[in-house]
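Here are some notes to read beside the model.

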Amino acid sequence: MLDAHRLRVLVEIAHAGSITAAAERLSFTPPALSQQLTKLEREVGVLLVERGRTGVRLTEAGRVLLEHGERVLGELRDAEAAVRALVGEPPDRLSLGAFASAGKVLLPRTLAVFGHEHPHVRLSLSDIEPPGGYDLVTSGELDLLVTHRYPGVPLPRDTGLHRERILVDPLLVVAPQGHPNIDDEPSLADLAEQEWICGAPGIHNRISLDTAAAAIGVQLNVAYETRDYEVALALIEAGVGVALVPRSILGVARRGAWVSRPLRGTHLAREIYVVHRRRPPEPVPAMVAILRRTAREASTHHRDDLSEPVNLG
C-alpha cells in the first residue's frame, strides 16, 4: 500500500512546481524531499517526475498518481475535520482562493460580514486566476475557490467537487465619453474598426471577444493588450480604445470619462462560481451563503439567471 506521506510529497511538488519550493513549504531540505520522492517511485515501480534545471515535470504516471493523491489527501482532511467536529472542536480556519477582480467586487463585504459572524475562524486568502485552483480544492489545501468562466471558455470537469454559479455578470462595451459609435446599443459589427483593449491571446476575456467576433464574421483589432480592467478603464478615460468590461467591475470602479452600453444582438456575460468539496466542513457553507448574498447585491439585473448548484462528475 502506498504511503500517504509520500503521496503528499508528490502533490506538493506538483503544486509548487519544484522540489526546492515544495521542500520549503513542507519544512524539509530539498535532498530529504527528493529522497522521499525516490522512495515513492520505487514503491510504484515507475518514474513519476522528470527533474530539470528550471523545475520538474510530471510523467504520465505521475499525473495519474497526482489525481489520486489529491483526492486521498482531501479525504484524509475531511476525515480529520469530521472527527474533530464529533468531539466538539469546530474548524478554526478557512482557506479561500479567488481571482483578482473578485477581490474588488465580492470579497471586501463578504469577508467583513463573515469575520463579524465567525470571529473565531482565521481566514487565509490566495490570488488564483482561473482555471487554476481546482486541484487545491481536491487535495484540501483550499476549502473554497471563487472562480469564473467567460463565454467560449469551457469549464473544468473535476469529479468529486461541487460547483455553484452565484453570479451572471454581463460584459458591457465601454468607450470614451462622446464616442460616436456608442450613443445607442452598438453591435460588435458597429465597432469592428475600433482599437480594442483586451487580454493577450489565450486570456479568457480575449477568447470571449474573439469567439463573439468570429460568430458574426468580423475580425477585431486588439491594439492594447492588458488583462487588468483598471488599466483598460484608464486608457479609455484617456480617449484610447474600447473594451468589454464586466458590469460588476464598473459598479466598483471610480467614475471616469467613459460610458458603458450593452452590446446589441448578443448577450455576453462571465459566470462566477464557488467550488468546494462535496462534504465541506463548517464554516464553508456559511461563507458560501454570504457570497450568495453579496453576489445578489452586486447584480441588480438578471437575478433569474442564477443557477441551481451542480455537482461535477
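1. Buried means under 20% relative accessible area, exposed means over 50%, and partly exposed lies in between (1.4 Å probe, protein chains only). This is a predicted model, in which local features need pLDDT of at least 70, side-chain atom pairs count only at pLDDT 80 or more, and totals for chains, interfaces and linings use all residues. Residues are numbered from 1 along each chain as its sequence is written, and side-chain values use heavy atoms, without hydrogens and water.

2. Asp-78 and Arg-277 are both buried. Their side chains form a salt bridge (2.8 Å, N to O), the term for a side-chain nitrogen of Lys or Arg within 4 Å of a carboxyl oxygen of Asp or Glu. Asp-78 belongs to helix H4 (residues 60-86) and Arg-277 to strand E11 (residues 269-277), so the pair ties together parts 199 residues apart in sequence. Helices (H or I, at least four residues) and strands (E, at least two) are DSSP runs, numbered from the N terminus.

3. A salt bridge also joins the side chains of Arg-206 and Asp-210 (3.2 Å, N to O). Both residues lie in helix H8 (residues 204-215), 4 residues apart, about one turn of the helix. Arg-206 is buried, at 12% relative accessible area, whereas Asp-210 is partly exposed at 35%.

4. The count of salt bridges comes to 20. Arg-8, Glu-12, Arg-25 and Glu-141 are linked in a network of them.

5. The largest nonpolar core has 57 residues, and Val-146, Trp-196 and Leu-291 have the most contacts inside it. Such a core is a set of buried Ala, Val, Leu, Ile, Met, Phe, Trp, Tyr and Cys residues joined through side-chain atoms within 4.5 Å.
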